[in-house]
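Here are some quick notes from my pass through this one. Have a look at the model first, then see whether you read the packing as I do.

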Amino acid sequence: MKVLLAGASGTLGRFLVPQLIAAGHDVTGVTRRARAADRLTRAGATAVVADVLDRDALLTAVDGLAADAVVHELTALTKAPARYGDMEPTNRLRVEGTRNLLDAAGRLGATRFLTQSMFLGYGFRDLGRAPLSEEAPFAVPTGARTDPVLAALKSTEDQVRGAAPGIDGIALRYGLFYGGDVDVYAALLRKRRLPVPSGHSGTLALIHHEDAASATVAALERGVAGRAYNIVDDTPATWRELMEEVARTTRTPRPLALPAGLIRLAAPYIGEVMTHVDVRVSNGRARTELGWTPRYPGYREGLAAGATTDTLQAPEGPG
């Protein structure tokens, strides 16, 4: 297929671009930066420089192009979001950016549209021990400060899965990404700037960047229109378990353990993810309908393997 990939220069994009090309697809990557465009070109993709939040500029940039599919992998996260307000730019990309990319899909003649969603849409709380399927309640507001994040996830899913006739929309509910950002985590661990809760903390759904990319290719090729898919591995883990394994595999100091309340005080948003979210998520639908299996069943195997792609250099900014 001819694929327009928004977020091609982001952390997931640098795994996804080479996998799409290896699968025989023709990739046009959307990026805001000329330097990132050069890297995309060297990787074998075509680059379009545009800001998806500027609808007119985006439509002008893709004028005259054609695509079979659009893949929305944009975030505005250059580092872990410490405060609730740090999520606002990404929320805009999920609301306004999705709307503009759907307009671009119409201009391009695309008939498929994949959007990035997240497992956190199931809720920022204890959701029990049973693995959640895609049929579980999603993005239900609770009156908490995380409601804007839930609303943005709901918006991108609703827009895409209910897209105009002729566009097959699919939402990918990724686990917490890891793998492609190990060097960033290791640098923070060396500086003792990446604490973990000292007491009980919740369990998170995870996915290696490489596996997230392979699942995205599978969804592009075989995903069912209107579906959501949980893209997670087989081994949920706490934030502390993940960071301690990063420290072990990178030979950096073990993370500093602090009381959960202190972490939430210093970094309210990511602290809430570390300490309040407790969820298990099933990848059964992705296995069955997409024919996909994670290469790394858990974070230990994924971190032991290390980064496996150097086609694109690490991104300099938001995806």
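**Notes on helix packing and aromatic pairs**

1. In this predicted model, helix 6 touches helix 8 through Val-182, Tyr-185, Ala-186, Leu-189 and Arg-190, which meet Trp-239, Met-243, Val-246, Ala-247 and Thr-250 on the helix 8 side. By class, that contact has 8 nonpolar, 1 polar and 1 charged residues.

2. The geometry here: helix 6 (residues 182-190) and helix 8 (residues 239-250) have axes 10 Å apart and pack at an angle of about 90°, so helix 6 is roughly perpendicular to helix 8.

3. Which aromatic pair should you look for at that contact? Tyr-185 in helix 6 and Trp-239 in helix 8, 54 residues apart. Their ring centres are 6.0 Å apart with planes at 90°, so the pair is edge-to-face. Tyr-185 is buried, at 12% relative accessible area, and Trp-239 is buried too, at 4%.

4. The whole structure has 5 aromatic pairs. In another of them, Tyr-122 and Phe-138 have ring centres 5.1 Å apart and planes at 85°, so this pair is also edge-to-face. Both residues sit in the loop between strand 5 and helix 5, 16 residues apart. Tyr-122 is buried at 2% relative accessible area, and Phe-138 is buried at 14%. Separately, Tyr-84, Phe-124 and Tyr-269 form one aromatic cluster.

5. Helix 5 (residues 147-161) passes a length check: its 15 residues should span 21 Å at 1.5 Å a residue, and the end C-alpha atoms are 21 Å apart, which agrees. Its buried residues include Val-149, Leu-150, Leu-153 and Glu-157. Among the elements that the buried residues of helix 5 pack against are helix 4 (88-108), strand 5 (112-118) and strand 6 (168-174).

Note on methods. Residues are numbered from 1 along each chain as its sequence is written. This is a predicted model: local features need pLDDT of at least 70, side-chain atom pairs count only at pLDDT 80 or more; totals for chains, interfaces and linings use all residues. Side-chain values use heavy atoms; hydrogens and water are left out. Axes are lines fitted to C-alpha atoms, for helices over the stretch in contact, and angles run from 0 to 180 degrees between N-to-C directions. Helices (H or I, at least four residues) and strands (E, at least two) are DSSP runs, numbered from the N terminus. Angles under 35 degrees count as roughly parallel, over 145 as roughly antiparallel, 65 to 115 as roughly perpendicular and the rest as oblique. Contact means heavy atoms within 4.5 Å. Ala, Val, Leu, Ile, Met, Phe, Trp, Tyr, Cys and Pro count as nonpolar, Asp, Glu, Lys and Arg as charged, and the others, Gly among them, as polar. The expected span of a helix is 1.5 Å times one less than its number of residues. Buried means under 20% relative accessible area, exposed over 50%, partly exposed in between (1.4 Å probe, protein chains only). Rings of Phe, Tyr and Trp (its six-membered ring) pair if their centres lie within 6.5 Å; planes under 30 degrees apart count as stacked, over 60 as edge-to-face and the rest as tilted.
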